Amino acid sequence: MVRRVLALPAGRLAVGILSVIVLLAILGPTLAPHDPLGTSALTLAGPSWEHWLGTDYLGRDVFSRLLAGSRTSVLGSVEVALIALVVGVVPGILSVYFGQVFEWFTLRIADTLIALPFLIYAVAVTALLGNGIPQAMFTVGVLVSPLFYRVARASTLAVARSQYVEAALISGASIGWIARRHVWGKVLPPVAVALAQTIGIGFVVVSSLSFLGIGVQPPAPTWGGLLASDLGYLSYQPWAPAVPALLIMATVWGSNLLADAIRDVSGEAGRALLNSRRVRARRLDPAEPIPAGGVAP
Amino acid sequence: MTSARHLPSARRTRRGAVLGALVTLTALVLSACGSGSGAGTAAAGGGGGGKSATLKWASSFFPTHWDPVVSGSGAQFRILALPYASLTRTDAKGNAVPDLAESWAYNATGDEITFHLRPKLTFSDGTPVNAAAVKDAIDRAKSQKNSALFGDLTSIKSVTTGGDLDVVVHLTQVDHQIPLLLGERVLQIASPKAAADPAKLDQNPVGAGPFVVTQLIPGTKVLLKKNPNYWDAKNIHIDNVELVSAPDKATVVSGLQTGVYNFADLAPSQAKAAKAAGLDVFVQPGFNASNISLNINKAPFDNPKVVDAVRYATNRQEFVDKLTFGYGKPTNQPFPPGYIAYDEKSANLYPYDPAKAKQLLEQAGIKPGQIKLDLVISKEDPAAEIVQSQLAAIGITVTIKINKNWATPFFAKDLTFSLYGTTGRDSAVQTLTAHFGPDGPLNLSSPYEPEGFEAAIAKVRQTPLDAPDYPQILQAATRVGLQSRALVFTYSSPNLFAKNKAISALPANPAHIDWTGVTIGD
């Protein structure tokens, strides 16, 4: 699957962007040239060699704060995606096999969760469970899990009702074996698409919440928080909000691009797409050696 | 093969969707511009017509309570002064001058004062403004269950009426501060008929002030029109007031620029933008002072050495430099330097000395990092981050906690460590008792008061305001108050406002917003 995604230019671009962001999240705090919390007398300064992106209202280095803030955003969005995955996929697959009562209840729960506005709910939960990104992201993860529930259930249904699975069942195959042999391979690609997309959603949610000052205790830097504080000093640094905004946009774009690439290369359609590209490439290939051969000697 | 053909078409729809989104975005931007310019012309029309002058005020102090007894002496009083008049008001020098009371006189001993009301005045519901109405207002402030003012009225024993227009206030002690006290901050007078139901009054203000409320949307917006029966109506040149709760501080300037508002209080960080937008940015004189509030009834501040360490660790200049954009002043007292009660002799009390602060912690046997504190504040505030970094420098770890419901634990004195500030009081004695008195709303360590404070305050009360030694006696009381371990004062932020140039200059009454004589021209 990874090799197939990398075969597409969009896939390579998406993986490139996301790897840079992940590297930032891992190394950001160590790469930061200054203490992201260290104040100085030099406030709201413009970009310079000492401070690449200038300083903020308390004289802290903005570049260091951006680097240090990447971890919160990345961890938050990954948390949303993983919680949604676990909470959504398992009951999604089981709803096909565990009988009508279980199916009815999980469907109604999924419907209920879809009806709740997750951003507002996350704000409410932080008021209840304490002001922290993990609490907020846990809530958002649970509330977006119906996406995974629906995706996993739909692809499981398609497999479970197909003739070759029924044939295998008649031949005495166990449910566990069928799940491993047939269901898993069909469910995984759409779930991967949903996962990549949810990471993007998670990023927007983390940034929105930290923009609103929820889930983060000052002076901890976050991209959304930097964006929010920059807006208060626009007359001094009109360009300042552009950098965190671009970072947030690039990350979300990368996630969505990855989701697109996975969708394009998965299943029969994906195999056909890659084959057609290979065919086109082969048709072009024989033309190349001739001029190359002509020039080389 | 069919699916291979299907893919490019999917891509085409995606391209179509992007195009559609772009078109929608452009349309939105265009329509936003359209409505913006529309508001601009509407504002120009309203101002230039000359027929009705409308004040469009965006305030970040939108009152939650409209019963003056419940609202208290905070910054909201400036807005409540639109519908309510008080017994006295202050002039540009901060002296008490007549408002609803035409004149007043103390008895020979100074423990009784009689206010003579202006005749033939009515509240906006038609009830007469008489001695009984004033008595009702004072009694309510003293006894109503949710009164925010009773602590300020300890000098008042009882109130009687002498005829229809004379209010006689009997005092528990000699107190020459009463005319200043019963001004806009403490005694805005509501119609007794409306005040019979305080809960209703709280959402439907009825007073005898310069304006009458026509519509009130709690927490959001209030519309007022000029009160033709106000005693000084001939000097009020504003016909309508539209007051809204200010949105985010970063958007106030744009609102002023487009004419959505023509008057607003301004964060110092926005002054540059407001000036660039061609607005009139001005500082109204005032008595603002911000502080760090400590609760000495709780650890670690029950140890005087820790309190002293915090005092020496506070670098006031950093607050001024980073928060006030050139408009503020450092102060170590509950008012800015230059105020009558400001004690020059205490100006160098507890100067910034982090080495000494560390030494004090060491003497107390406290290791760096051993003290971990929650700094509880009501909303995001860069001042908290400054306190955090200054205390981190002496080895105290501070975690900032934002609690939207901050007021409840703060005024219940349940917090250990917080930030607060004052916009001052007309009576300097009230400022001092509010900070250092045993029941002062700004004293987080109630019922603690510094030793000798009560006696020093009593002495100020006994001194007539025009006595030659009044400033010395007042400053001596400040000196005693500053021994309080409950407060570390940091800086004085300015009363910064921005207005459309069509609005004439406001009277420079310190800490007040007075619309008398103000015109809105073209």
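Two residues are taken to be in contact here if their C-beta atoms, placed from the backbone, lie within 7 Å. This is a predicted model, in which local features need pLDDT of at least 70, side-chain atom pairs count only at pLDDT 80 or more, and totals for chains, interfaces and linings use all residues. Residues are numbered from 1 along each chain as its sequence is written, while chains are lettered from A and ligands numbered from 1 in the order in which they are written.

Leaving aside neighbours within four places in sequence, A:V87 is in contact with A:G141, A:V142 and A:S145. A:L143 is 56 residues away from A:V87 in sequence, yet their C-alpha atoms are 9.5 Å apart in space. A:V87 belongs to helix α3 (residues 62–97) of chain A; helices (H or I, at least four residues) and strands (E, at least two) are DSSP runs, numbered from the N terminus. A:V87 counts as buried because it has 20 C-beta neighbours inside 10 Å. The cut-offs, with C-beta atoms placed from the backbone, are 20 or more other C-beta atoms within 10 Å for buried, 12 or fewer for exposed, and anything in between for partly exposed.

Zooming out, chain A has twelve helices and zero strands. Of its 297 residues, 43% count as buried. The radius of gyration of chain A is 24 Å, whereas a compact globule of 297 residues would come out near 19 Å; the value is taken over C-alpha atoms, and the globule rule is 2.2 Å times the number of residues to the power 0.38. Along the principal axes, the C-alpha atoms of chain A fill a box of roughly 80 × 75 × 30 Å.

Buried residues make up 46% of chain B. Its C-alpha trace spans about 105 × 70 × 40 Å along the principal axes.

Chain B splits into domain 1 (42–279) and domain 2 (285–494), with bounds that come from an automatic or database domain assignment. The centres of these two domains of chain B, taken over C-alpha atoms, are 29 Å apart. Where they touch, domain 1 of chain B gives 20 residues and domain 2 of chain B gives 19.

Chain B also holds an open sheet of seven strands, in the order β8-β9-β10-β1-β11-β20-β12, with mixed pairing. Two strands pair if DSSP finds at least two bridges between them. The edges of this sheet are β8 (211–217) and β12 (280–284) of chain B, each of which pairs on one side only. β8(B) pairs with β9 (residues 221–226) of chain B in the antiparallel sense, over six bridges. Within β9(B), B:V222 is the bridge partner of B:L216.

Finally, the two chains meet in a contact that takes 21 residues from chain B and 21 residues from chain A. On the chain B side, α13(B) supplies the largest share, six residues. That side divides into ten nonpolar, five polar and six charged residues. Here Ala, Val, Leu, Ile, Met, Phe, Trp, Tyr, Cys and Pro count as nonpolar, Asp, Glu, Lys and Arg as charged, and the others, Gly among them, as polar.
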